[in-house]
Amino acid sequence: MTAVLEVSDIRKNFGGITAVDGVSFEVREGEILGLIGPNGCGKSTLFNCILGQLTPSGGEVKVDGKIVTGLRPSELNRLGVSRTFQLLQVFPKLSVRENLILAGQEHRGSMMSRLFGASDAGMTGAAERMIGFFKLDHLAGEPAGSLSYGQQKLLDAAMAFMGGPRLVLLDEPAGGVNLSMLADLKERLAAINRESRATFVVIEHNMEFVMSLCSRVVVMAEGKILAIGRPDQIRGNPAVIEAYLGH
Amino acid sequence: MRELKKYWRITLGIVAILALIVLPLGLNRYGLFILSQWAVMTIAAMGLNLTLGYAGQVSLAQGAFVGIGAYAAAIMTTQGMPLVAALGVSILLCFAVGWLLGYPALRVQHHYLAFVTLAFSTLAFLAFRNEGWITNGIYGISNIPRPTIFGFPTNRPLPFYYLCLASLGIVSVAMWWLIRSPWGRAFLALRENPIRAQSLGVDTRRYTLMAFAIGSALAGVAGTLYAPLTQYIDPVPFNLSLSLDLLMMVIVGGAGFFFGPFLGAMIAVLLPEWLRFTEGYYLMLYAASVIVLLIYSPTGILGILDRLATERRTKTASALRASAGSSLEAAP
C-alpha cells in the first residue's frame with residue numbers, strides 16, 4: 001500500500017517553545033488514522049504545519065510522494081488535501097447550499113473560466129448530493145448561521161468533501177456534537193471512506209469515536225509521538241495510559 | 001410568498017428606472033448636473049463596495065482612482081481623442097494601479113491597510129498637482145469636450161445625463177453578474193473568513209488583488225465621466241475628502257449590499273442639496289443625520305432591512321428545527 005501522506009521529522013518552534021518536536025509518521029491510502037493526545041500536545045499545530053497554515057521550523061511533508069512543505073493552503077487544497085477546523089468555520093450568511101458550492105467551486109476549471117461560466121460553477125448537483133448524504137435536505141436554503149451547532153458541524157465536515165479530496169484532516173469533528181448526531185457523523189465518515197477511498201486523519205478526544213472509527217492511532221504527548229498502533233494496542237499501552245488515557 | 005416578493009421587487013425596479021428616465025425631463029440645468037453627479041459617484045461607490053463591502057478590503061484611495069480616470073479622460077479628449085479610447089485607457093490604468101495597490105493588502109489588514117491606501121491617495125493628489133507637464137498643475141484642464149455617442153452630441157445637460165445613466169446601467173448589470181458569479185462567492189468568503197476560504201482552495205491572494213483592481217477600474221470609469229461632466233478639472237476634487245465621501249456613501253448605504261452605493265450616493269450628493277434651505281446649518285444637519293444613522297444601524301440603511309429579514313428567517317428556521325425535534329421524539 002502506498003502512503004498518501006508522509007510526515008518526516010516535522011518541528012515547530014514558537015519562540016522558546018517547541019510545540020512539535022520531530023514528528024514522523026505516514027498515512028496509507030484509504031486509511032483512517034486517529035491522532036490523540038492531551039490538550040496542548042501539538043496536534044493542531046501539526047495539522048497547521050501539514051496544511052501550510054504554519055511554516056514548519058524543520059522537516060518535510062509529502063503528499064502522494066510529492067514534497068508539499070511551503071505550499072499555500074489553497075494550493076494544497078487544490079492538490080486534494082482538505083480539512084475541517086476545531087472551531088466552527090462555516091459561512092453563516094450563505095445558505096447551506098451556497099456553502100457547499102463555495103467549498104467545491106475552486107476545484108472546477110480556472111479562475112477565468114469560473115468568471116464567465118455558470119454562477120454555481122456547475123456544483124449544484126454535487127452540493128445537493130452532499131446535502132442528501134448528510135441529511136440536511138430541509139435546511140438547504142437556510143443561512144448556515146441559523147442551523148444548530150451539531151448541524152453546522154455536519155455542514156463543516158460536508159464542505160471538506162466537496163472538492164473530492166484524497167486526504168482529509170479532521171480537527172475534532174465530534175466536539176460538542178450530541179450522541180445521536182455523533183453516530184450519524186461516524187457512519188457518514190465511514191461511508192465516504194469506503195466509497196471514495198478517501199484517506200482521513202482525525203484529531204479527537206472522544207475515545208469511543210476514535211477507537212471504533214480508526215484503523216490506526218497515533219498518540220502524541222509534549223510535541224512528540226508516544227505510540228503508534230491499532231486501537232487495541234493503544235488501549236493496552238502503559239505509556240499511553242500514563243500520559244493520556246488515565247487509569 | 002417569495003414569488004410575490006420577487007414581483008414586487010421587479011415592479012419597484014422598473015418604476016425606479018422609469019423615474020430616472022422621465023423625471024429629469026422637467027429638471028433645470030443644475031438639477032441635471034446634480035443627478036449626473038449622482039450617477040457618476042454611484043459608479044465609483046460601486047467599485048469601492050466591491051473592494052470593501054464584498055471582499056472586505058479597506059481602501060481610502062477610491063477618490064484618487066476617480067482622479068486618475070478623470071485626468072486620463074481630460075488629457076486625451078482635449079487632444080482630440082474620442083472618450084471611448086480614454087475610457088479604455090482609464091480602465092486599464094486604474095486596473096493595473098489598483099492591482100499594485102492590492103499587494104500591501106496581502107500583508108496588512110483593516111486600519112493598517114487604510115493607512116497604506118491613504119498614503120497612496122496623498123501621493124496621487126501630489127502627482128496631480130505637481131506634475132504640471134501632463135496635468136497642468138493647479139491651473140487644471142479646461143474646455144473638456146463632451147462626447148458624441150452614435151451621432152448624438154451630449155453637449156446639453158439632458159443628453160449627458162442620459163449618457164451617465166446608461167453607463168450606470170451597464171456597470172450595474174456587470175456588477176450584478178460579477179457578484180452572482182463564483183467570484184462573488186469567493187470575495188465574500190475572503191471577507192468573512194480568509195483562513196477557511198484558503199482551506200477550501202480559494203486563492204485569497206489573487207482574489208484580493210482582483211478586488212482592488214476591479215474596484216479601482218470602476219473608479220476609473222466614474223472619472224472618465226466626471227471630466228466631461230464638469231468640463232474642467234483641477235487636483236482639488238480628487239483629494240482625500242473624495243475618498244472619504246465615497247467611503248461614507250458605501251457605509252451609509254450599506255456595505256456589501258448591491259443597492260447600498262445607489263442609496264449612499266443619493267444621500268451624499270442629494271441630501272446636502274435638499275438641506276440647502278437651512279442655509280448655514282445644512283452641513284451640520286447632514287453630519288448629524290449620518291451620525292444618528294450609523295449609531296442606529298452600523299451596517300447602513302440596507303442593513304436595517306437585512307436585519308429584519310434575517311430575524312424573520314431565523315425564526316422560521318428555529319420553528320423548523322423545533323418541529324423536526326418533536327417528530328424525532330415522537331418516533332419509536
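In chain A, strand β4(A) and strand β5 (residues 66-67) of chain A form an antiparallel pair held over two bridges. The model described here is predicted. Within this pair, K62(A) is placed opposite I67(A) of β5(A). The hairpin made by β4(A) and β5(A) has two residues between its strands, and D64(A) adopts a positive phi near 50° there.

Strand β4 (residues 58-63) of chain A also pairs with strand β1 (residues 3-14) of chain A, again in the antiparallel sense, over five bridges. K62(A) takes part here too, as the bridge partner of E6(A). K62(A) therefore has a bridge partner in E6(A) and stands opposite I67(A), where a pair of strands is one for which DSSP finds at least two bridges. Strand β1(A) is in turn paired with β2(A), antiparallel, over nine bridges. In that pair, N13(A) lies opposite T18(A) of β2(A).

These pairings belong to an open sheet of four strands in chain A, with the order β2-β1-β4-β5 and antiparallel pairing. Its edge strands are β2 (17-28) and β5 of chain A, each of which pairs on one side only.

A further open sheet in chain A has six strands, in the order β6-β7-β8-β3-β9-β10, and its pairing is mixed. The edges are formed by β6 (81-83) and β10 (224-229) of chain A, each pairing on one side only. From one strand to the next, the twist averages 20°. Within this sheet, strand β3 (residues 32-36) of chain A runs parallel to strand β9 (residues 216-221) of chain A, and four bridges join them. L33(A) is found opposite R216(A) of β9(A). Helix α1 (residues 43-50) of chain A lies across several strands, namely β3, β6, β7, β8 (199-203) and β9 of chain A. The direction of helix α1 of chain A is at about 150° to that of β7(A).

At the level of domains, chain A is divided into domain 1, made up of 1-80 + 166-178 + 197-247, and domain 2, covering 90-164. The C-alpha centres of domain 1 of chain A and domain 2 of chain A are 26 Å apart. Contact between them involves eight residues of domain 1 of chain A and nine residues of domain 2 of chain A. On the side of domain 1 of chain A that touches domain 2 of chain A, the elements giving two or more residues are α2 (73-78) and β7 (167-171) of chain A. This side of domain 1 of chain A consists, by class, of four nonpolar, three polar and one charged residues.

Chain A also touches chain B, in a contact that takes 31 residues from chain A and 24 residues from chain B. On the side of chain A, at least two residues each are supplied by α2, α3 (96-105) and α4 (111-116) of chain A. The largest share comes from α3(A), which gives five residues. Sorted by class, the side of chain A that touches chain B has 12 nonpolar, 11 polar and eight charged residues. Helix α2 of chain A thus contributes to the side that touches chain B and to the side of domain 1 of chain A that touches domain 2 of chain A, with helices defined as DSSP runs of at least four residues.

Chain B contains 14 helices and two strands. Its C-alpha trace spans about 85 × 50 × 45 Å along the principal axes. The radius of gyration of chain B is 22 Å, which agrees with the value near 20 Å that a compact globule of 332 residues would have. Of these 332 residues, 43% count as buried. Among the contacts in chain B with a separation of 6 or more, 76% are between residues 24 or more positions apart.

One residue of chain B illustrates contact across the sequence. N143(B) is located in the loop between α6 (132-135) and β1 (148-149) of chain B. N143(B) counts as exposed because it has 9 C-beta neighbours inside 10 Å, and the cut-off for an exposed residue is 12 or fewer. Apart from its neighbours within four places in sequence, N143(B) is in contact with T78(B) and Q231(B). N143(B) and I233(B), which are 90 residues apart in sequence, are separated by 9.3 Å in space, C-alpha to C-alpha.

Terms used. Residues are numbered from 1 along each chain as its sequence is written. Chains are lettered from A and ligands numbered from 1 in the order in which they are written. This is a predicted model: local features need pLDDT of at least 70, side-chain atom pairs count only at pLDDT 80 or more; totals for chains, interfaces and linings use all residues. Domain bounds come from an automatic or database domain assignment. Two residues are in contact if their C-beta atoms, placed from the backbone, lie within 7 Å. Ala, Val, Leu, Ile, Met, Phe, Trp, Tyr, Cys and Pro count as nonpolar, Asp, Glu, Lys and Arg as charged, and the others, Gly among them, as polar. Axes are lines fitted to C-alpha atoms, for helices over the stretch in contact, and angles run from 0 to 180 degrees between N-to-C directions. The radius of gyration is taken over C-alpha atoms; the globule rule is 2.2 Å times the number of residues to the power 0.38. A residue is buried if 20 or more other C-beta atoms lie within 10 Å of its own, exposed if 12 or fewer, and partly exposed in between; C-beta atoms are placed from the backbone.
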